[in-house]
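Dear colleague,

My notes on the interface follow it.

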Amino acid sequence: VRTSWITGQEALRQRLINPAQIAFTEPEAEMPPYMESFLSHLRLLVGVPFEYLIPDPRMLPDESIRFFYLDRSWTDRLVDGAISVGKVGTREQAHHQAHHGPVSQQLDFTERIVRDLQRGTDSFPTLKGTIRGQQPPADIITGFLLRSGAVSGWPTMDVRAYRTDLSEPLDPANPESLNQQLRTLRLERLSPSILLALFQGVPQLVYLEEPHHLIQFGVRTVGSQLRIDLRDSTGHQIRTDPNNPRSNPIPQTVHVRAAHNRVVAIANLRRDLITARNTHPQMPEQTGSAAFAIEVLSLPWRQRFEGVEDQAEKSGGSGAFVSVVMIGSRVTDLATKTAFVSVLAGGGG
Amino acid sequence: MADPKPGEMVLYDDILPPLLDNQYRMTAETDVSIDSAAQPLAGKDSFFNVEGPRFSLPATEVAGVFPPRNGHGPFHDSVPHVAIRRRTLPWERELDPKNVIGTPTRVPNVPPPAGTVPWLALLLFEEGEYSLLQNVPLEQVVPKAVFQSLGSPQNIRCDAIEASLDLVTSIMPSKEELQLLAHVRRVNKDDRELSIEGSDGYFAVVMGSRLPSGGAKCRACLVSVEERWDLVPKDPPPIATSIFEVGILENVAASLAVKAVSRGFVSSSPVLASRVIPGGNLQIQPAIRNHVFLPLTTRLILLFSWQFQTIGTGTFRELMQTLDVGMIGKVQNPGHPPLTDTCHLKVDLQDRAGVPEQVLYRGPHVPFELTRDPLGPYHSADQARRVTPETGAEDISYASAFEAGRLLAAADPRLGQELMRWRREAYKQSSRADSVARVRSDLSIAAQIDLHAPVIPVLTSKVVQSVTTGAGPIADAYSLDKIKNVIGLNPDAVQKAFELPSREAAVAMLGGDAGALGASVGAPAQTPREATTIDAVAADTAGLQRLGQSRKQVLNNVAVKLGVTL
């Protein structure tokens, strides 16, 4: 019997004196998809107990929003800790030591598809293909924690962040604003009233908007009279002066039932709207419930949070949105508060 | 239609399922005729039911409600509504398939609304107006005639709401109003938190028509009005002849307001009398009905309900406007909790010797940009412990992060397996790479061997190649071919250098024997012969002997090359 060329002992010795181990370009050195996905979720603090995030509840009181930068070292340690599972000897340490760099770089990319994975939009390999070679390789992560009754009362609100302070009216579907929008890495409720958002990059503008499927049907009480504002087929208010977006909207009186003064006379209101369309042809034709809903809905409220640039210099920081800079919440004018567009022409297309 | 763009919403009158919930019979018939004589064949009837929520609605079907559940706020200007994940739900059943209610009376110049009448209604009750009944038999909820219209389903228990008949009649939308109060919204799903997931962006919305009064505790109830022809009116009841509209004109074209008011006087109430109380409130006078023998309360099948209060501030806008805004680390009362300027929090801790100490902790959220620690990886939490030079206090932030990650990973059995698989694959391949490198050096194989191609055939062919090329005399193993080319040992060179007359003279000068000079021995002569029997070959002892010698030589060569004893 021939003696073997290499003994197990010798193989181990060779492996340990050779820190490069297997080249990370080899497919075998790649992380299994599940592991890569788990670690990239960890990168975005998925599953981390809340006490680790906010060690003292007074740091996030009721009805407050706190913006932050994500400490990359902290999340790197989280990943190190996860990889340390099953690391029983020097062999595993040597392996981790050799592969740390490539693993870390890979996770910098994979963390960008965590939200898509959470939403289940596509499979892991497909999504991974979409972000391969994206620039920049590692970016600053920012975000906010919101603890408010608005989180529980208005689930699935819209949250968007922009790298420049775009002014209203802001159409989020506009290519220009899409170009300025920061990638949302995570947007999740940690508890019924706490919302965590993470963005890739440093925003100058963050806004929260009422969820569209919960836009309410509301009236205005003027004296003892109930009114709604007439709206055109895209949901915008019709103004007394069509060229002046700040002129008064045209109201429509809402009648109530004789039998109960808080019950809106719906059929009667529709009749009034049909009549009103004779004077205001920009209103949608009252075909069915969809056209009716356009007239009676109130537009979503959009709350803007903007970085104040002129104070940034004082802090000596790298721009707005720095620690000492106050984040002003600005009440946007009712007339310009939203560029909500609703496409419609009745009829269940 | 394309998906709605961000910020867009598409509204639909209704979305109908291909088949409404019902019982169906499918009849299959085959017509066969032979020579134009019909052959009667038995048909086949199959029965199937299309079932959907009818007497109860899973809470998961409700995507959202407004006003928010248990919310407090000035919601007295908003009618409640509920968004349902299942976009076809309000139209999956027919309200009144036998048209007992009748077709609503048409008003001139007002076309009937497009769409379908839903079987759901959202009614709003204020505290004290209703009582909730849980898990009652269906027979006790709906009147007997309605129960029969529903198909007399047996052993159904459902939740119900009970309220005075007058109240329900006064707030129940008419058939046409019900239709106007339900629609489908399709919204863009991007940029939202995750609870929207699993939905396709479509929501069926059922609105109420009653406005809650201020300062009231309200309950909005999604009820089934299927076959409730006893409650749903054909035409809407008359509107209030509100005299107090006059004079409250605000930026209104006068003609419009007057028109609205004058229309208010058109109809009057034949059933319910109303009177105007000075002070502006319209109150309902209990009506004397001609069917007083009926129970004064009525019950409705309750599918879903939620409560809210119309007090205080609490609309989305107000909540947003009053938010306490700041970077992380801002506390309302400075010093509580005591945060350092680096946003570290002092935490009491007992070290592993049991000695209490105060350490610093900071979560992953920081109020300023930090550079990323390039000293990775860390193999243990202790490696990540830090001491602040100013105070000597220990900073356990990163050590805690390490432990948190370790515990999270350890809690996931599949991750443990995958980690081991990752290592195992890497070890396996690096061990293979080591072996291949060793084989290459031992067999003097110059060519690179691809780690992923099967190695055995490559090595075998290389081995056979080196064995066969090395099958000459053993002297070759010591590279005497090279030596004989050394000028002093090369007869041609010697002949040239010494200008000898012939090559033989040079050979003689160098020792005379070709073998001593390490010259290759030619291949043994082959004996060409005709095809023959194996016995004839075996009888050729000389040939066999030569074959044996060749084999021995090859084996010797291999042994010498590998430095092993065979």
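Across the interface of chain B and chain A, 40 residue pairs are in polar contact, with both residues of each pair at pLDDT 80 or more. Please bear in mind that this is a predicted model. On the side of chain B that touches chain A, the element that gives the most is helix α7 (residues 413-442) of chain B, with 19 residues. Sorted by class, that side of chain B comprises 84 nonpolar, 39 polar and 35 charged residues.

The rule also finds seven salt bridges across the interface of chain B and chain A. One of them links the side chains of R372(B) and D76(A), with an N to O distance of 2.9 Å.

As to extent, the size of an interface is often expressed as the accessible area lost when the parts come together. Here, chain B and chain A bury about 14800 Å² between them, and carbon and sulfur atoms give 61% of that area. In terms of residues, the contact involves 158 from chain B and 168 from chain A.

The two chains are also joined through their strands. Strand β1 (residues 64-70) of chain A and strand β19 (residues 324-327) of chain B run parallel and are connected by four bridges. Within this pairing, S64(A) has D324(B) as its bridge partner in β19(B).

Yours sincerely

Technical notes. Residues numbered from 1 in each chain as written. Chains lettered and ligands numbered in written order. Predicted model: local features only at pLDDT ≥ 70, side-chain atom pairs only at ≥ 80, totals over all residues. Heavy atoms only, no water. Contact = heavy atoms within 4.5 Å. Buried area = accessible area lost by both parts, 1.4 Å probe. Salt bridge = Lys/Arg side-chain N within 4 Å of Asp/Glu carboxyl O. Polar contact = N/O pair within 3.5 Å; in protein donor to acceptor, adjacent residues only side chain to side chain. Nonpolar A, V, L, I, M, F, W, Y, C, P; charged D, E, K, R; others polar. Pairing = 2+ DSSP bridges.
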